[in-house]
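Student: Could you take me through this structure slowly, with the criteria behind each term as we go?

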Amino acid sequence: MKTMIKTLAAGLALSTAVVAVPAAAQVSSLGVANLDAAVQRSTAWTTALSQMQTTYKATIDQLNSREAAIRTELQPLVTKLQTDAKAANPNQQALQQQYATLQQRQNAAQQELAKIGQPVARARAYVEEQIAAKLDDALRAAMTRKNVSLVVRPEAALSYQPAADITADVTTELNRLVPSVSITPPANWQPGGQQAAAPATPAAQPAQQQKQPQGR
């Protein structure tokens, strides 16, 4: 009994000590943020997409037109495959061949569409990279402003109150840090921030590589 009382007393003392800790020393709250949504709601992103609709209109129109034509071309193959598969005694070998043919046509179509849309995809990736470069700073600034010490994605949280969502705060910070971006990538820019390396000039090469050993 005495041991139980001592345990309860210790617990009470601990509870009192926790309450007495200054607010600044306590662990601050947790936050939730959808970073993809924060970027897509930013002024830089929405403005860039609007500009791309104008700048790359011809490419976008061509892409949409070709995509619609491909769907029209492939639909009879899809319909035939579905119909043959529902037959009372379908020919499995024939179905496999039809499926393989359809897959090949779809893969070829995807490659064709990707090639047509490459300028748009490249511009979009450039826009994303410019905004993403400031995303970490924006998140940290939002965490400081909201007194949040840990942030998780919405899908990682079992349940949370709307007040815990700092997505809008991240967007606000992005608007401050990167109010606008360019939709025209430099000629040597590649997605991922890798610039195409220019060939080294003889003057930039090490001296020992410029001088060839003289034969005897």
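Tutor: Let us begin with D169, which touches A142, R145 and K146 when residues up to four places away in sequence are not counted, contact being heavy atoms within 4.5 Å. The model is a predicted one, in which local features need pLDDT of at least 70 and side-chain atom pairs count only at pLDDT 80 or more, while totals for chains, interfaces and linings use all residues. Residues are numbered from 1 along each chain as its sequence is written, and side-chain values use heavy atoms, with hydrogens and water left out.

Student: Is D169 buried or exposed?

Tutor: Buried means under 20% relative accessible area, exposed over 50%, and partly exposed in between, with a 1.4 Å probe and protein chains only. D169 counts as buried, at 12% relative accessibility, and lies in helix α8; helices are DSSP runs of H or I with at least four residues, strands are runs of E with at least two, and both are numbered from the N terminus.

Student: Which side chain is joined to that of D169 by a polar contact?

Tutor: A polar contact is a pair of N or O atoms within 3.5 Å; within protein, one must be able to donate a hydrogen and the other to accept it, and residues adjacent in sequence count only if both atoms are side-chain atoms. For D169 the partner is R145, at 3.5 Å. The side chain of R145 is also joined to that of E173, by a polar contact of 3.2 Å. E173 lies in α8, residues 167-177, and is buried, with a relative accessible area of 8%.

Student: How should I read the buried residues of α7?

Tutor: One looks at where they point, using the arc of the directions from the helix axis to the C-beta atoms. In α7, residues 135-145, the buried ones are L135, A138, L139, A142 and M143. They lie on the same side of α7, because their arc around the axis is only 135 degrees. R140 and T144, on the other side of α7, are exposed. Among the elements covering the buried residues are α2, α6, β2 (148-152) and α8.
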